[in-house]
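Here is a short note for a colleague who is starting to read protein models. Please keep the picture open while going through the points.

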Amino acid sequence: MDESEDQALDERLKSALWFSIGKIVDEETLKLGVNATAQFIGALTEMVWAQIENVSTDLENFAKHARRSTISTEDVMLLSRRNEGLEAVLKAYVDKQRLGKSKRPTR
């Protein structure tokens with residue numbers, strides 16, 4: 001992909017993120033009986049976008065450090081170690097998925 005295609009893709013992804021965040025904010029503001037401005041939704045979208053960029057960079061670097069080209073579950077767990085609550089939720093999910101795979105009948 002050339003630079004203009006990358007920029008176009010980023011804009012499409014950011015627009016989709018803005019739309020999704022806007023829907024969530026609308027649902028929550030209706031429940032709470034409060035209002036949220038378009039500027040709030042825009043600022044929240046920018047904050048989430050920046051967080052996504054940071055997380056993706058960290059995950060890529062973890063995989064590269066392990067001499068892999070694919071991000072693995074271990075990379076995600078390594079990233080989550082800074083957030084105990086997130087780490088616990090992810091660990092429970094991963095354990096549940098692994099347990100489910102071990103219960104599947106073999107062919």
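Predicted model: local features only at pLDDT ≥ 70, side-chain atom pairs only at ≥ 80, totals over all residues.

1. Residues are numbered from 1 along each chain as its sequence is written, and side-chain values use heavy atoms, with hydrogens and water left out.

2. The average pLDDT (the predictor's confidence in each residue, from 0 to 100) is 94, and 96% of the residues score at least 70. Confidence is lowest in helix 4 (residues 84-103), at a mean of 92, and highest in helix 2, at 97; helices here are DSSP runs of H or I with at least four residues, numbered from the N terminus.

3. The count of salt bridges (a side-chain nitrogen of Lys or Arg within 4 Å of a carboxyl oxygen of Asp or Glu) comes to 6. One of them joins E74 and R98, at 3.4 Å from N to O, and this pair links distant parts of the chain, with E74 in helix 3 and R98 in helix 4, 24 residues apart.

4. Another salt bridge pairs D75 with R68, their closest N and O atoms being 2.8 Å apart. D75 is buried (under 20% relative accessible area, with a 1.4 Å probe and protein chains only; exposed is over 50%, partly exposed in between) because its relative accessible area is 3%.

5. R67 has a positive phi of about 60° although it is not a glycine, and R67 is found in the loop between helix 2 and helix 3 (73-80).

Key: Helix = DSSP H or I, 4+ residues; strand = E, 2+ residues; numbered from the N terminus.
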